[in-house]
Amino acid sequence: MLFNSLQFMLFFPIVILVAFAIPNRFKYIWLLICNYIFYLSQDNAVALFLVIATVISWLSGKWLYRITESKKRQILTIALAILNLTPLIILKYSNFFLNIAGSDKRLDMILPAGISFFAFQSTTYIIDCYRKESKPENNLFKYALFVSFFPTILSGPIERSKSFLPQIDIYDNKGFDPDRVKRGLMNMLWGYFLKFVIADRLFILTDNVFSSYKDHNGAIILIGVLAFTIRIYCDFAGYSYVAIGCARILGYDIMDNFRQPYLSRSIAEFWGRWHISLSSWFRDYLYIPLGGNRKGKVRKCINLMLVFIVSGLWHGADLSFLLWGLLHGFYQVIASVSKDLKKGLTKEGGVRKVLDKGPVKKLWQLLSYVFTFLLVAFTWIPFLAGNIKDSGGIFLGIFKNFSPLSLIDGSVFKLGLGVKNLLIVVFAVFILFITDLCCERKKCRIDRLLDNTRPLIRWVFYYTLILLILFSLNLSTTEFLYQSF
Amino acid sequence: MKKKLLFFAKLFAAFLPAILLIAFTALCPMCYQDGEYPAWSYTRDVQRGKLDPGGDNGERIVILGDSAAMADLVPKLSGRNVVNLAVGGATPVEMYYTFKDYLEVYGKPDKVIIMFSPFHYSYMDNFWTRSIYFKHFSITEAFKVYYQGKKTGSDTIDDGKHNITDVISCYWSLPQSYLPALLNSRFNNRYSENIGKYREISSQKGHGLFGRMDGCDYLNYESGYSSMKMDGDHKIIDLYMRKILELCRENSVNTVLGQCPMNESSYSELNPDYVSQYTEYIKELSKIYPEGIYELEIPKYDNMYFGDASHLNEKGAEKFSREFFAKYIPDPVFE
């Protein structure tokens, strides 16, 4: 059951209607049932993995909390975390490792939907219990609700037990609260707009370009890469907004996953805004335990590379994802090294003084935005190609036979979208850009932004979004990209 | 309470465009549906008693079938009270419910003529694109057919692309299902054309031509088959074929299972194995329901009588109708 499917459109109203109608103390049981209905509709053959991950991590939490000896606790935590991640490692990476080892053999295994997300979420709980940041949950069903929470189970955000579990027992916000429901619906509307209107249209274009990229000239491939850059943001952020909206309506606040990532001036900033739940997970549960930046500059660089290698492999068991992670790690290392260099320069030559002056500062900022965006866009190439060979082909294809004329000679209209849909997508991306700029300036999320907008503008915005979504519904046949990770 | 009411009022206002779109989709199908819709609409209107097929209260004859039956049999040429309820892409599944409704509304007819192209005993290729899309069944019938199709392993119903929510989407007239048609028709550009067709089909008592060529030597579907497909779709089609014959038996209705003509080109390309399997199937039905009249031979017509690969043109339809009616519902005019 996908968020963009009719099944979900029928399922969700039933979930909320019953949730609002039943007494507060039974709500978690109802939601747990709904979680499993949602998950079983997606992947009934492998739901057992979800149950196993839930039970293992729940028992682990209880066990760890009782042990007092620090060394034993540490070893046990590592062992239990690995045990909890074992199904993910085996099911997702066996073929990858066989491939690396040079074997032609391929194991035919089913990858349970959302395993990368629920495995990480339950591992978080084990580590939080070890760190005593989270108290072990006594009620298995409440814990199971956290692990299997349907808005987040398939594509995140990867929620933390310490923020989610206490919310189960807070009843004040579980009833029908018009404000809360309104905010939830606003998030859902924005999420569906990003998915239906932009991502699904750009899917047609990118699919057309990259299914036969060898037939296109460099300018068209470049358009494809830029379109993919916007598409992946709209697809994944769209999913996250719908998830946040659903959770909010049900009375749960889950963490933000995106904060205008393409308005970043550096790669480090980008990672503070993109897939926040995962990047903060890696920061808290891998980078800092590895020593973070506390053990010298070289070690910091190694740690950064390690985190991004793991992040790359988390996204997919292929060398292309590894390359994607390596590139991002490399950028971070370069940024880290150049930061020290920059500090030196500003001290000695007074470059900072020049850069901080009005127009130069603005130009520098603008260049930083554009450069970061382009760097991120080009780094998506291995991600979109899915294998090393095509990644190289696409990258070189941009520079081979680059014909800017094809940008104005009507070639872009022949990429599957046609004039009408291309104009719609340009208009929709313009709305996205303006909205992101406003959210950035006001430092708030879309629901807060709309709340503080004049009613007339707000209603024009609603109707624009609803009409655009309505007239894009027939395009939506695609899964959410991050569902496959 | 006031806050809640205000919230729902705003929610309603926000979703008003969606509500209006759904209402338009549900209430004005003639404005946007494609050219096949008027025929399906005519059949449905007759079977549900919304449109009187006309004629006196005397002898009544009903034709059930697919596009070939719709094009090849011209009720007006019978000189009797004949109504052609056949529609393009229909199989015995659709026609069973048509006949069932007809019986409920008008009571038993004197004769039923059943005529399907041979390939429609093996394939129900139009289930999603016509039967469900045009809401030929009631929603409960649609659910029933859907689950039966899944049970019998119908490749068309259980095609991996559609599921029960597609049925709901069509019956609730949701934009997911009808948006392409709405946009392509610019909402109402097809109204006059569709109404014109509907009137034409009504005046012809259900008959409508498909191909308009003055002779055609193209090969039809059957000429490409080496054997009759007996699994998947066939199982549910067979189930409903028997249901139709069962209904005829229960109501003591005379039944004629006829064969549509094929053009010479296709006929000469027919695989003997396919023909014998098909004939065997019809023979099997005739053994179980021996009270009916069964044609086993596929008639061969000159290419000049065909408007396309599978359907007779006006000349051919006139020739075939006269011959067929003279044989099975003799009228003094022809004798």
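Reader: Which side chains meet in a salt bridge with N to O at 3.2 Å?

Author: A salt bridge is a side-chain nitrogen of Lys or Arg within 4 Å of a carboxyl oxygen of Asp or Glu. In this predicted model, the side chains of Asp179(A) and Lys3(B) form one, at 3.2 Å from N to O. Lys3(B) lies in helix α1 (residues 2–14) of chain B and Asp179(A) in helix α9 of chain A, so the pair joins two chains. Helices (H or I, at least four residues) and strands (E, at least two) are DSSP runs, numbered from the N terminus.

Reader: How many salt bridges does the rule find across the interface of chain A and chain B, and how many over all chains?

Author: Across the interface there is 1; the whole structure has 31.

Author: As for conventions, this is a predicted model in which local features need pLDDT of at least 70, side-chain atom pairs count only at pLDDT 80 or more, and totals for chains, interfaces and linings use all residues. Residues are numbered from 1 along each chain as its sequence is written, chains are lettered from A and ligands numbered from 1 in the order written, and side-chain values use heavy atoms, without hydrogens and water.

Reader: What area is buried between chain A and chain B?

Author: Buried area is the accessible area (1.4 Å probe) that two parts lose on being put together, summed over both. Here the value is about 2000 Å², with 80% from carbon and sulfur atoms. Leu6(A), Leu470(A) and Phe471(A) supply 27% of the area that chain A buries against chain B, more than any other three residues. Contact (heavy atoms within 4.5 Å) takes 18 residues from chain A and 23 residues from chain B.

Reader: Which residues make the nonpolar surface patch?

Author: A patch joins residues with over 30% relative accessible area (Shrake-Rupley, 1.4 Å probe, only the protein chains shown as cover) and no salt bridge, nonpolar side chains (Val, Leu, Ile, Met, Phe, Trp, Tyr) within 5 Å and like charges within 9 Å. Ile89(A), Phe97(A), Ile100(A), Leu319(A), Leu323(A) and Ile388(A) make one of about 500 Å². Its largest share, 3 residues, comes from α4(A), the helix that holds Ile100(A).
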